[in-house]
Amino acid sequence: MNKLLLIFLSVGWLQCQAEGLPDLGDVSQSTISPKQERQLGEQSMFEIRADKTYLDDGEINDYLNQIGYRLAANSSEPSLGFEFFAINDNAINAFSLPGGFIGVNTGLILIAQSESELASVLAHEISHATQHHVIRMITGQKVDSIASIVAIAVAILAARSNPEASQAAIMGAQGGAIQRQLNFSRTYEQEADRIGLDVLQKSGFDPHAMPAFLERLQKATRLQEGSTPSYFRTHPVTSERIADIANRVQQIPFHLVADSLSFNLVQAKLQATQKSRKEAVTFFSDALGDQKFGNQIAQRYGLALALLRNGQAARAKQEFAPLHELSTQNPMIATLDGQIRQANKSRDIIEFYRTATQNFPQHRALSYDYVELLLQGKRYDEALKLLNEQIIGSPSDPRLYELQARCYAALDKRQEEHHSIAYAYALHGNLNGAIEQLELAKQSGSDYYELSTIESELKEFREIAEAHVKH
Ligand SMILES: [Zn+2]
């Protein structure tokens, strides 16, 4: 059915078996190929996507990818297959997993005072990835199997996002000693800073943002210290490190780099969704009333979003009105526009979404909402067509398969329905559930070709599940 997704899943689980990776022996004696490094990252991502701290927000992750790709294009390995994602955690932190997977905590996104500051952290993490620091550290340890490496990679993540989970994860890995050694060394930090600075500058961001943000992070994390693992425990900083970067940027002439509107919108969306509904309404009303600080478009966006979430659709429409004209220019504005129109039962809604999804074909949040609307209108074929296009662009997005399954269910196509659910489950890390759904798909159809496809997928999924049990 969907070869792309299967390839995606296979890269994570199967090929490491095919290549005999679980029997690596003493990894410190061998080298890990870029392909194996990628597999480690993929495996870690299965765990992360299944974790409740993974921020399942297409808009915010799309934004991080957009900034991330712009930076990665100027790195030494633009084709590494980078994936950027947000972790819903107020601890100020960011991390780099093997193979180009880069996570950023919401706490760090919110504390950035400019897009260049956020980009400076991404550039630093990209440089850890292109310098293969995690792998270089892991191969320096006495680690006896690929399973341990995955456990350690996940422990790194856990340690960075959740102190309690990290304790358990580290016990399951190779003990706290390794965890401590896995925190980047000063040499690696300095390397990531220097290369990151170069990447930041080449990508058109403000290089002066890097030392400024490091300094502010140092102050902010000092306050957080003790409660959560901080950016500087996982990326040790010294005043020396900040001074080194400050010296380097001194020679670079200053020029103002404006933030994109999306940067401000992402921060507003995080604030609107992290506060309670009432608090968010008050917060943005006050901010707009002050007319002193911040970006007023983003504040208005935040207020309209908060009102909508608080069930005040008519007022949301009213507050949003001045932003209408931006709806054809920014996909996040268009998405909120559509949601407010829907809540107010606007008549031209299908036409609105048809145009908006044409304007912003890559913006998944718009497609989610459009498909929901098409489902309500029983326009299943249109919904399926849109979903199939989206799946080609984002084969690892479980929500697209969930929506696809609902279309098939409505059309009474049981086999296809179970098939789609199987993919959604697999991407959420529920492999046993995926196998069960493939079994159901097998029982619900008679087409020989379809059945043989399902049969071969079942075999592959079972192997994936077995590999999973091993660690
Ligand atoms: Zn670092």
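How much space lies in the largest pocket? About 1,100 Å³ lies there. This is a predicted model, in which local features need pLDDT of at least 70 and side-chain atom pairs count only at pLDDT 80 or more, while totals for chains, interfaces and linings use all residues. Residues are numbered from 1 along each chain as its sequence is written, and side-chain values use heavy atoms, with hydrogens and water left out.

**First stop: the largest pocket**

Select Asp62, Gln362, Arg364, Gln390 and Ser394, which lie nearest the centre of the largest pocket among its 45 lining residues. A pocket is an open set of points, on a 1 Å grid over the protein atoms alone, where a 1.4 Å probe fits, with protein on both sides within 12 Å along at least five of seven lines; lining residues have an atom within 4 Å of a point. The volume is the space filled by probe spheres set on the points, which are joined across faces, edges and corners.

Next, colour helix H3 (58-72), one of the elements that give two or more residues to this lining. H3 gives the most, with eight residues. Helices (H or I, at least four residues) and strands (E, at least two) are DSSP runs, numbered from the N terminus.

**Second stop: strand S1**

Strand S1 (83-87) also contributes to the lining of the largest pocket. Five of its five residues are buried, that is, under 20% relative accessible area with a 1.4 Å probe and protein chains only (exposed is over 50%, partly exposed in between). Glu83, Phe85 and Ile87 lie on one side, with Phe84 and Ala86 on the other. Glu83 stands opposite Phe101 in S3.

Select Lys269 and Asp57, which form a salt bridge with the closest N and O atoms 3.0 Å apart. The term denotes a side-chain nitrogen of Lys or Arg within 4 Å of a carboxyl oxygen of Asp or Glu. Both Asp57 and Lys269 are buried.

**Last stop: the second largest pocket**

Helix H14 (261-274) leads onward to the second largest pocket, to whose lining H14 gives the most, with five residues. This pocket has a volume of about 420 Å³.

Note on methods: Pairing = 2+ DSSP bridges.
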